[in-house]
Amino acid sequence: EIIGLGDPGCFAADLKASSPSFTTASAGKFVKAFAPDANLRLDSLAVGKRLTLNASLKGRVNNFDIDVTIGGEVGKLSAGFNLANIDNEQDITIAGHFKADAVDLGAITGNDIFGFVDAELGTRASFTEEGPSTIIDSLKVDRFGVLGYDYNNIRARGKITDEFFDGQLVSTDPNVDLSFNGIINYGFNGEMVRTTYKARINNLDLHETNLYRRWNESRASAILDVDYFATGRMDAIGEYRIDSLVLENEYKRYEIGGMRMETSEENDIFHFVMDSGIATAELSSDIPINDAIRNLKYMTVSRELPGILNVPDDSTGHTFGNVQIGIDIKDADSILEFFLPDLQIADGTSLQLNGSRNGDLNTLVSSKYFRFKENEFSGLDITFDNLSSSLNAIFTAGEIRMGGMHLKDNAVSAYVDDNNVDISLNFNDYEDDDFFINFISEECDDRYRD
């Protein structure tokens with residue numbers, strides 16, 4: 001029923017709508033018919049699931065009550081809100097609540113790491129001359145399934161404007177004691193987005209939450225403190241701190257301590273520095289970090305092994321950058337014992353990598369010892385480069401204990417060029433017998449390809 005059509009002062013409506021079951025694909029076609037330029041990709045959500053819709057609108061032009069419910073095979077989503085002041089001099093306001101009942105987020109997104117969600121949100125928004133503003137009065141999450149664990153007892157609130165977001169979240173889940181305070185200022189300096197947040201994690205149960213299940217009992221505690229800017233050209237710059245990191249399992253408590261990371265940009269060169277009791281690391285690059293990481297592939301396998309590894313030679317025409325990476329291990333025993341107990345890396349182990357604008361790469365790895373399970377390498381040095389239009393590697397180790405063998409004075413050299421591989425092995429057993437093995441793989445011609 002509609003009354004006063006054409007006269008805002010008298011306009012009133014009492015409308016109800018319901019639909020038989022539908023899919024997101026059919027909904028997407030319906031939206032596209034009225035808005036051809038819309039790119040909502042509804043058909044990628046809840047693929048193949050049948051949904052139902054019930055909606056109502058009731059009230060006058062300056063005071064509408066709207067209710068919407070979507071149900072079906074993925075649970076139920078409902079919203080009820082009031083829309084006021086559309087046609088008067090006061091600020092337009094929206095106030096309402098949203099509820100998720102047994103919503104299957106995994107089925108909606110197509111990602112099986114997610115489970116079911118039960119949550120309620122209370123919010124209100126106003127639209128003023130200064131810009132829109134939204135207040136999240138309360139967010140209550142009673143169930144949020146991730147990785148087979150249902151997080152619960154999560155509460156949050158916050159405020160969103162056209163310049164910033166300010167929010168707080170607290171979890172009293174028995175396996176996740178967490179508090180979070182964060183601010184995102186996306187109006188800062190007119191160009192950069194500044195994000196600051198601090199989180200305190202107490203006794204996060206890694207085993208029960210299925211985050212790490214090597215141990216029957218495993219917990220983590222830490223304080224996170226982050227302050228960074230997101231720029232348009234380069235990567236996020238700022239400071240990231242992890243303090244009071246503690247790991248525990250059924251056997252031991254590991255006081256890992258703190259870790260400080262800083263990113264900066266100067267003269268269009270991005271710098272990353274990390275310092276902790278575990279290791280120190282430095283990186284500098286005159287191209288964005290994502291491009292620098294891709295360059296490692298361009299400089300190696302894409303150029304020399306496109307046929308053997310079935311990867312395209314996409315290095316042609318690529319713009320390389322100057323990239324330097326340095327990593328020095330201080331004391332990684334505690335964190336390796338917790339996460340990778342089969343692995344031991346000697347204090348003082350180092351990696352140096354240098355990449356240049358012309359696509360050249362040099363890498364050096366040095367370690368007093370490296371152990372994995374029963375295998376041990378002592379006096380280890382590895383050099384790797386792609387000079388002379390080929391991949392070249394030399395591996396030397398004073399001693400190797402592997403597979404019941406005990407070898408000394410070991411050397412392995414490898415040469416890769418245009419899908420051809422040449423590997424030479426030299427070693428000496430403890431009966432002073434010298435051994436030499438040479439392996440050559442040449443690119444086969446088309447007669448022998450499958």
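At 43% relative accessibility, Arg-124 counts as partly exposed (between the limits for buried, under 20% relative accessible area, and exposed, over 50%, with a 1.4 Å probe and protein chains only). The model is predicted: local features need pLDDT of at least 70, side-chain atom pairs count only at pLDDT 80 or more, and totals for chains, interfaces and linings use all residues. Residues are numbered from 1 along each chain as its sequence is written, and side-chain values use heavy atoms, with hydrogens and water left out.

**View A. Arg-124 and Asp-137 form a salt bridge.** The closest N and O atoms are 3.0 Å apart; a salt bridge is a side-chain nitrogen of Lys or Arg within 4 Å of a carboxyl oxygen of Asp or Glu. Asp-137 lies in strand 8 and Arg-124 in strand 7, 13 residues apart. Strands are DSSP runs of E with at least two residues, numbered from the N terminus. Asp-137 is partly exposed at 37% relative accessibility.

**View B. Lys-140 and Glu-120 meet through their side chains in a salt bridge.** The N to O distance is 3.9 Å. Lys-140 belongs to strand 8 (residues 131-146) and Glu-120 to strand 7 (residues 114-128), so the pair ties together parts 20 residues apart in sequence. Lys-140 is partly exposed at 31%, and Glu-120 is partly exposed at 35%.

**View C. Asp-43 and Arg-41 are joined by a salt bridge.** Their side chains meet at 3.9 Å, N to O. Asp-43 is partly exposed, at 43%, whereas Arg-41 is exposed, at 53%.

**View D. Salt bridges link Glu-239, Arg-241, Asp-243, Arg-260 and Glu-262 in a network.** The whole structure holds 18 salt bridges.

How values were computed
Helices (H or I, at least four residues) and strands (E, at least two) are DSSP runs, numbered from the N terminus.
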